Amino acid sequence: MHEYSLAHALLEGLTEHLGQHPVHGRVRAVHVRKGELLILSEEALGEAWRILAEGTEVAGSELRVEKVPVKVRCPSCGYEGPVKYVSEEGWHFAVPLLACPQCQARAEVIEGRDLAIVGLSVDDAPLDHQAA
Amino acid sequence: MHDIRVGTEDVFKRQIELASRNYKLFQDHGVRAFNVMGAIGSGKTLLILRLAERLKEKGVRVGAIAGDVAGDDDFQRFTAGGLVAANLNTGDDCHLDAHRVGHALESFPFGDVDVLFIENVGNLVCPADFPLGTEGDLVVISVTEGDDMVRKHPKMFAQTDVLAVNKVDLASFVGVDPMALVDDYRRLNPHGKVVLTDAKSGRGVDELLAALGL
């Protein structure tokens with residue numbers, strides 16, 4: 001629902017990062033981790049990125065989204081790891097059950113809600129060589 | 001082409017920090033706060049008023065923040081009901097966030113309340129991604145929205161603490177079986193509590209208070 005503002009926040013973070021750690025080649029892809037609990041359309045996020053990146057140093061780059069599955073920590077039995085899912089015919093995805101898969105107790109979500117850039121795919125040739 | 005590892009900050013980190021700040025504020029003032037989310041017109045405001053009536057009988061002082069896109073209708077209802085209230089318009093935004101709530105709390109008379117209900121904007125999608133710093137969530141839906149309301153919004157209901165299925169007095173008129181909503185919720189959220197309510201008559205209000213631990 002908030003793909004434009006989130007794409008903007010990602011772009012701001014990346015611009016700041018590139019200001020401190022410049023890359024010497026065209027950025028072709030930007031790799032993003034997206035927690036699966038976020039109610040966020042990957043398609044809309046990619047489109048927002050394409051539009052917002054225009055005129056910046058990452059113009060033309062593609063946003064590649066890696067969905068990060070939910071991980072929980074169980075306060076009862078100490079389990080830490082992935083959860084079980086529930087799905088049904090007609091649903092287009094499975095929903096994570098926020099309970100411990102071992103002892104079924106209520107579990108704390110430790111992964112699956114974040115959105116951050118984790119990597120870039122960059123051309124080997126420097127930008128000025130490509131232009132020639 | 002080569003790949004570079006980059007670690008930018010989680011864009012939700014700021015939201016979580018602000019929510020934590022609100023949480024601490026509630027704790028420091030000994031106020032128990034709840035994020036009341038739900039469908040448009042599901043009866044959130046009246047249910048909060050009913051909860052407040054019952055709590056008042058127990059000597060518990062209740063406050064409310066009325067979150068809406070525009071207007072002060074809910075705020076007026078809270079005030080008329082004797083609640084300490086604040087109005088929080090989002091402009092065009094479809095949900096409350098910790099930042100906005102934090103500002104509303106700056107001038108809130110914490111000394112006058114023991115329990116605070118923060119009524120979110122009517123919406124079953126976006127509020128799930130924006131924690132406010134409350135100790136618990138209550139989601140309100142009503143039978144008049146249809147018996148598929150839970151399954152249509154699985155991520156919202158998978159993360160909720162308590163669900164109120166409201167307007168159950170109208171179930172037979174709209175041909176909806178409230179238990180279909182309850183069953184869907186239990187499948188999606190094994191630890192969630194669910195209560196059937198009819199805010200008009202007050203049915204289920206005591207059970208809802210118990211589910212919220214109040």
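The model is predicted: local features need pLDDT of at least 70, side-chain atom pairs count only at pLDDT 80 or more, and totals for chains, interfaces and linings use all residues. Residues are numbered from 1 along each chain as its sequence is written, while chains are lettered from A and ligands numbered from 1 in the order in which they are written.

**The two chains**

Start with chain A. Its secondary structure comes to three helices and eight strands. Helices (H or I, at least four residues) and strands (E, at least two) are DSSP runs, numbered from the N terminus. Along the sequence, the pattern of chain A reads α-β-α-β-β-β-β-β-β-β-α. Chain A is more spread out than a compact globule, because its radius of gyration is 19 Å, well over the 14 Å that the globule rule gives for 132 residues. The radius of gyration is taken over C-alpha atoms, and the globule rule is 2.2 Å times the number of residues to the power 0.38.

Chain B has nine helices and eight strands. For its 214 residues, a compact globule would have a radius of gyration near 17 Å; the 18 Å of chain B agrees with that.

The table sets out each chain. The boxes hold the C-alpha atoms and are taken along the principal axes. A residue is buried if 20 or more other C-beta atoms lie within 10 Å of its own, exposed if 12 or fewer, and partly exposed in between; C-beta atoms are placed from the backbone.

| Chain | Residues | Buried | Box, roughly |
|---|---|---|---|
| Chain A | 132 residues | 28% | 60 × 35 × 25 Å |
| Chain B | 214 residues | 50% | 65 × 45 × 30 Å |

Two residues are in contact if their C-beta atoms, placed from the backbone, lie within 7 Å. In chain A, take the contacts with a separation of 6 or more: 75% of them come from residues 24 or more positions apart.

**Strand S5 of chain B**

Strand S5 of chain B covers residues 115–119, and four of its five residues are buried. Two strands pair if DSSP finds at least two bridges between them. S5(B) runs parallel to strand S2 (residues 32–38) of chain B, and five bridges join them. Here Arg32(B) has Val115(B) as its bridge partner. S5(B) also pairs in the parallel sense with strand S3 (residues 62–68) of chain B, over five bridges. In this pairing, Ile65(B) is partnered by Ile118(B).

**Where the chains meet**

In all, 33 residues of chain A are in contact with 25 residues of chain B. On the chain A side, helix H1 (3–20), strand S6 (95–96) and strand S8 (115–122) each give two or more residues. S8(A) gives the most, with eight residues. This side of chain A divides into 21 nonpolar, six polar and six charged residues. Ala, Val, Leu, Ile, Met, Phe, Trp, Tyr, Cys and Pro count as nonpolar, Asp, Glu, Lys and Arg as charged, and the others, Gly among them, as polar.

Four bridges join S8(A) to strand S1 (residues 2–5) of chain B, and the two run antiparallel. Ser121(A) stands opposite Asp3(B) there.

**The core**

A nonpolar core is a set of buried Ala, Val, Leu, Ile, Met, Phe, Trp, Tyr and Cys residues joined through C-beta atoms within 7 Å. The largest one has 95 residues. Those with the most contacts inside it are Leu10(A), Ala64(B), Ile118(B), Ala164(B) and Val165(B). Leu10(A) touches Val32(A), Ile117(A) and Val11(B), not counting residues up to four places away in sequence.
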